[in-house]
Amino acid sequence: MTHSPYTIYAVQYARRETTSTELFYGDYHDTPMKMAYFVWALVSDQHTVVVDLGFTEEVGTGRGREFMRCPSVGLAELGIDCASVSHVVVSHMHYDHVGNYDLFPNATFYLQEDEMRFYTGKYVRHAAFRRSIEVDDVVAMVRYNYEGRLTLVDGVREIVPGVHAHRVGGHTAGLQIVTVQTALGRAVLATDASHYYHNIEKDVPFMVLHDLPGMYDSFERMRELADKPELIVPGHDPLVLERLKPVADGIVSLG
Ligand SMILES: [Zn+2]
């Protein structure tokens with residue numbers, strides 16, 4: 001390793017009540033479940049990368065989510081000032097991953113080209129795709145592209161040394177996961193490629209999906225990329241707050 005290792009921080013900013021039937025493909029048990037909403041920070045001696053932006057209070061409460069704090073407030077607890085962040089990876093265009101971009105005036109945003117193509121393409125008029133999107137978020141990404149502040153990724157790209165984005169698809173057309181070199185080995189931030197540990201550990205797809213075979217492929221890809229299974233961090237599982245190391249209220253770390 002020619003660079004210092006990263007610590008991954010998961011910062012919870014919202015939550016909601018749901019059921020297993022709403023979440024897991026082929027589940028009809030309606031078991032009550034909780035969903036957590038996170039943003040992530042990857043921090044080394046040299047670099048800070050933020051992964052995903054979360055939703056704003058207005059968007060979240062409008063959709064019935066319990067907004068706990070602005071993601072920037074959680075990041076500030078780690079000493080991260082959003083205005084000084086240079087790199088933000090946007091895993092995909094769903095509303096809970098791509099709000100709050102205004103808080104990062106000096107960042108370059110990284111998004112897969114397939115994701116941009118899909119959400120500016122012909123299928124977005126259909127409710128199944130449209131309902132998870134805030135149009136203003138997509139428009140903001142289009143504007144950033146014209147301003148030279150968006151890097152469209154085609155497949156795999158190094159963001160900074162030790163941090164890579166990888167297109168996996170499945171959940172959305174161009175969902176990307178992030179691999180991170182930590183002191184414990186290579187970790188995978190699954191974001192929505194595995195909402196819960198249950199998805200990847202039991203090979204159970206999530207209910208919101210773009211391409212079912214692609215979702216199984218994304219599970220396989222994450223297993224290949226992570227040095228150990230316990231280094232895969234799901235995107236929405238409250239258990240993350242128990243399995244990783246506590247740092248502060250609603251903030252845990254790995255590495
Ligand atoms: Zn999603």
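What spacing do the donors of the zinc ion follow along the chain? I read H-x1-H-x76-H-x20-D.

**Entry 1, ground rules.** I am working from a predicted model, where local features need pLDDT of at least 70, side-chain atom pairs count only at pLDDT 80 or more, and totals for chains, interfaces and linings use all residues. Residues are numbered from 1 along each chain as its sequence is written, and side-chain values use heavy atoms, with hydrogens and water left out.

I looked up the protein donors (N, O and S atoms within 2.8 Å of the metal, or 3.2 Å for Na, K and Ca; water is not among the atoms, so sites may look incomplete). They are His 92 through NE2, His 94 through ND1, His 171 through NE2 and Asp 192 through OD, lying 2.1 to 2.2 Å from the zinc ion. The angles among the four donor atoms run from 87 to 171°, and the site is irregular. His 94 sits in the loop between strands S5 and S6 and His 171 in the loop between strands S9 and S10, so the pair ties together parts 77 residues apart in sequence. Helices (H or I, at least four residues) and strands (E, at least two) are DSSP runs, numbered from the N terminus. I noted both His 94 and His 171 as buried; buried is under 20% relative accessible area, exposed over 50%, partly exposed in between (1.4 Å probe, protein chains only).

Leaving out residues up to four places away in sequence, Met 141 touches Met 93, Val 98, Tyr 101, Phe 109, Met 116 and Leu 150, a contact being heavy atoms within 4.5 Å.

I counted a side-chain nitrogen of Lys or Arg within 4 Å of a carboxyl oxygen of Asp or Glu, which gave 13 salt bridges. Asp 114 and Arg 167 meet at 3.4 Å, N to O. Asp 114 lies in helix H4 and Arg 167 in strand S9, so this pair ties together parts 53 residues apart in sequence. Shared partners join Glu 113, Asp 114, Arg 117, Asp 154 and Arg 167 into one network.

Notes:
Tetrahedral: all angles 85-135°; square planar, octahedral: opposite > 155°, others 65-115°.
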